[in-house]
Amino acid sequence: LRPEGTAGCVRAGIENGFLHNQIQRLWYAGPMFRHERPQKGRYRQFHQIGVEAFGIESADLDAELILMCMRLWRALGFDALTLQLNSLGTLECRTAYRRELVHYLETQRGKLDEDSLRRLDRNPLRILDSKNPAMQEIIAAAPNLFEHLDDASRAHFERLGDYLRQAGVVFTVNPRLVRGLDYYTRTVFEWTTDRLGAQSAVCAGGRYDGLVEQLGGKSTPAAGFAIGMERLAELLALQADSPQAVRPHGYLILLGEEAERQGLKLAESLRNAGLRIECNCGGGGLKAQLKRADRSGARHALLLGAEEARSGSITIKDLRDGSQRTLAQGEPIDLLLKETSRG
Ligand code: HAM
């Protein structure tokens, strides 16, 4: 049972020879399995959507991956995700840092909690990630990984910050962000929210320039991320009633047989123009359909009755203030709806 998709992508790439000296941009979605202590937002079977890109060493790729996430958040109407960023440097500088960190933590052994003692041998960097309030003082005084970065990693990180600022991405540098997986080099990032309780990471990823070689392939730079679908779904459900929720621009009311005949085609042409349209299906009188329009969350009802169907027009009713107007179907209905559906 795979715990994640990155290592699997690398293995598939090596086995099928599509990584070496090539640029590949891959994606996947599917169930993952981890032997974790289950709690809200953390399951033993969950689903990820992942993206992995191979063959590009420069920080523009890291920035493009982050922008890709941001585009998705925007399409889903999420406005409260925070981007945290860090650099773990190369494998060599991390190994040197790890040694120094362990040395420091050994001097604090008596004050470490049970989790940290367990991590001290296996994965001491994860101790920096501890949420235990009693550990925060020790963590704050620990040597800083950021100060141990090699010059090239530091330059990479600065370039990434520059690209992100240019593209208008807001981010926080978090030197304590170390990630649970061992393969990362240089950039690591996490998108978090304060709406999901303790399991706050909705998406996470980073660069793993050493993994292909480690798994038996030729040295190939790579970076990617994965989104937790259950957490994404939970966020969508939480914001269903908020002003940020993605709602239809219009609900298409169809009255009479001729309107029903034309309705699906009209709905499609409005969707082609970029509108979110819910089309009434299953008939019903005006009152029943208006009720459905209200329930759909759409700002407007688009009425296609016998008269409109005959004359090629459409009546648009603003469901908030009740005002309505009749337009020819060829008029820029899309602009009107997009404009007034805002907010
Ligand atoms: P990860 O941080 O282990 O990274 O997981 C990515 C996302 O999957 C998390 O941010 C979270 O939303 C979701 N997730 C993880 N574990 C669970 C769980 N037990 N229950 C529910 N959701 C969970 C990776 O898996 C890397 N492969 C990401 C990556 C791709 N890095 C480079 N490329």
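This is a predicted model: local features need pLDDT of at least 70, side-chain atom pairs count only at pLDDT 80 or more; totals for chains, interfaces and linings use all residues.
Is Arg186 buried or exposed? Buried means under 20% relative accessible area, and Arg186 has 14%, so Arg186 counts as buried.

Now look at Asn21, which sits in the loop between helix H1 (6-15) and strand S1 (24-33). Asn21 is another residue other than glycine with a positive phi, near 55°. Its surroundings are another matter: exposed means over 50%, and because Asn21 reaches 72% relative accessibility, Asn21 counts as exposed.

Next, let's follow the strands. The model has an open sheet of 7 strands, and reading across it gives the order S1-S2-S7-S6-S5-S3-S4, with mixed pairing. Which strands stand at the edges? They are S1 and S4; each has a single partner strand, so one side of each is left without a neighbour in the sheet. For S4, you can trace the link to strand S3 (residues 82-87): the two run parallel and are joined by 2 bridges.

Aromatic rings are our next stop. A pair of aromatic rings is described by the distance of the centres and the angle of the planes. Searching the whole structure turns up 7 aromatic pairs. Take Trp73 and Trp191: their ring centres are 5.8 Å apart and their planes meet at 75°; planes over 60 degrees apart count as edge-to-face, so this pair is edge-to-face. What does the pair tie together? Trp73 belongs to helix H2 (residues 59-76) and Trp191 to strand S5 (residues 187-192), so the pair connects parts that are 118 residues apart in sequence. Trp73 counts as buried, at 3% relative accessibility, and Trp191 is buried too, with a relative accessible area of 3%. Elsewhere among the aromatics, ring pairs link Phe54, Tyr183, Tyr184 and Tyr208 into a cluster.

Tyr184 brings us to the ligand. There are 26 residues around the ligand, and Tyr184 is one of those that come nearest, along with Glu4, Thr6, Glu36 and Glu52. By kind, the residues of this shell divide into 12 nonpolar, 7 polar and 7 charged.

Which atoms of the ligand pair up with side chains? A nitrogen atom of the ligand lies 2.5 Å from an N or O atom in the side chain of Glu4. In the side chain of Arg34, an N or O atom is 2.8 Å from an oxygen atom of the ligand. Gln48 also takes part, with a polar side-chain atom 3.0 Å from an oxygen atom of the ligand. How much of the ligand does the protein bury? Taken alone, the ligand exposes 660 Å², and the protein buries 95% of that.

Strand S2 (45-54), strand S6 (201-207) and strand S7 (222-228) are the elements that give two or more residues to the shell around the ligand. S6 gives the most, with 6 residues. In the order of the sheet, you can find S2, S7 and S6 one after another.

Methods:
Residues are numbered from 1 along each chain as its sequence is written. Side-chain values use heavy atoms; hydrogens and water are left out. Rings of Phe, Tyr and Trp (its six-membered ring) pair if their centres lie within 6.5 Å; planes under 30 degrees apart count as stacked, over 60 as edge-to-face and the rest as tilted. Helices (H or I, at least four residues) and strands (E, at least two) are DSSP runs, numbered from the N terminus. Buried means under 20% relative accessible area, exposed over 50%, partly exposed in between (1.4 Å probe, protein chains only). A residue is near a molecule or strand if one of its heavy atoms lies within 4 Å of it. A polar contact is a pair of N or O atoms within 3.5 Å; within protein, one must be able to donate a hydrogen and the other to accept it, and residues adjacent in sequence count only if both atoms are side-chain atoms. Accessible areas come from the Shrake-Rupley method with a 1.4 Å probe; for residues, only the protein chains shown count as cover. Ala, Val, Leu, Ile, Met, Phe, Trp, Tyr, Cys and Pro count as nonpolar, Asp, Glu, Lys and Arg as charged, and the others, Gly among them, as polar. Two strands pair if DSSP finds at least two bridges between them.
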